[in-house]
Amino acid sequence: MPEARLSVRVDKDIKQRAENVFNELGLTMSSGINLYLNRVVAQRGIPFPLMQIPQDKRHSDMGLRKQIEELRAQRTIELRIKGMLDRGVAVALFDDQLNRPYLQYPDGRRTYDIDE
């Protein structure tokens, strides 16, 4: 696959903080940005909810650590669900839009008729 160079201007402090996060995750800046761009393409949109972050949380290391932990937990859950589906096991999930549980089958079917 041919590669292309991407050049963007970012705040120096944000760049350093992002680099620190990527390092904690065992990633380089380049691999982290590539992961992000791949998620944008796969989801056909921004891969996280956009929301206002209160000013006092923006610069909080605790807030950043919590976000990292939440992303790791979310990724772990996604990998476990994928693993179960790959093994042919149906997985019980929850549809936020319909506000109801369903079974997701390996072939992509969903069944909403679950005894609650």
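Modeller: Let's begin in helix α1, which covers residues 12-24, where D13 and R17 both sit, 4 residues apart, or about one turn of the helix. Please keep in mind throughout that this is a predicted model.

Biologist: OK, and what do the side chains of D13 and R17 do?

Modeller: They meet in a salt bridge, with an N to O distance of 3.6 Å.

Biologist: What does K15 pair with?

Modeller: K15 forms a salt bridge with E19, and the closest N and O atoms of that pair are 3.9 Å apart. Because K15 and E19 are 4 residues apart in helix α1, about one helical turn separates them.

Biologist: Where do E70 and K66 lie?

Modeller: Both lie in helix α4, which runs over residues 61-86, and they are 4 residues apart there, about one turn of the helix. E70 counts as partly exposed, with 45% relative accessibility, while K66 counts as exposed, with 51%. There is also a network in which salt bridges with shared partners join R39, R75 and E78.

Biologist: Let me step back a bit. What pattern does the chain follow along the sequence?

Modeller: Read along the sequence, the pattern is α-α-α-α-β-β-β, which comes to 4 helices and 3 strands in the protein chain.

Biologist: And how much of the chain is buried?

Modeller: Buried residues make up 9% of the 116 residues in the protein chain. The accessible surface comes to about 10,300 Å², and carbon and sulfur atoms hold 54% of that area. Among contacts with a separation of 6 or more, 19% are between residues 24 or more positions apart.

Biologist: Switching to the strands now, how are they arranged?

Modeller: The 3 strands form an open sheet in the order β1-β2-β3, with antiparallel pairing. The edge strands are β1 and β3, the latter at 110-111, and each of these pairs on one side only. In general, strands of a sheet pair through backbone hydrogen bonds, either parallel or antiparallel.

Biologist: How many bridges join β1 to β2?

Modeller: There are 5 bridges between β1 and strand β2, which covers residues 100-104, and the two run antiparallel. Going into particular partners, A92 is bridged to L103 in β2, and L93 has Y102 as its bridge partner in that strand.

Biologist: What sits between β1 and β2?

Modeller: The two strands form a hairpin with 4 residues between them, and N99 in the turn has a positive phi of about 55°.

Biologist: I'm curious about D95, which strand is it in, and is it buried or exposed?

Modeller: D95 lies in strand β1, residues 91-95, and it is buried, with a relative accessible area of 10%. That value is under the 20% cut-off, which means that D95 counts as buried.

Biologist: Which residues is D95 in contact with?

Modeller: Leaving aside its neighbours within four places in sequence, D95 is in contact with R100, Y102, R110 and Y112.

Biologist: Last topic, pockets. What lines the second largest pocket?

Modeller: Its lining has 13 residues, of which E78, I81, L93, Y102 and R110 lie nearest the centre. The space in this second largest pocket is about 460 Å³.

Biologist: Which element gives the most to that lining?

Modeller: Helix α4 does, supplying 6 residues to the lining of the second largest pocket. Both α4 and β1 supply at least two residues each. Some names here have come up already: E78 belongs to the salt-bridge network with R39 and R75, and Y102 is the β2 bridge partner of L93.

Notes: Residues are numbered from 1 along each chain as its sequence is written. This is a predicted model: local features need pLDDT of at least 70, side-chain atom pairs count only at pLDDT 80 or more; totals for chains, interfaces and linings use all residues. Side-chain values use heavy atoms; hydrogens and water are left out. A salt bridge is a side-chain nitrogen of Lys or Arg within 4 Å of a carboxyl oxygen of Asp or Glu. Buried means under 20% relative accessible area, exposed over 50%, partly exposed in between (1.4 Å probe, protein chains only). Contact means heavy atoms within 4.5 Å. Accessible areas come from the Shrake-Rupley method with a 1.4 Å probe; for residues, only the protein chains shown count as cover. Two strands pair if DSSP finds at least two bridges between them. On a 1 Å grid over the protein atoms alone, a cavity is a set of points where a 1.4 Å probe fits but cannot get out, and a pocket is an open set with protein on both sides within 12 Å along at least five of seven lines; lining residues have an atom within 4 Å of a point. Grid points are joined across faces, edges and corners, and a volume is the space filled by probe spheres set on the points.
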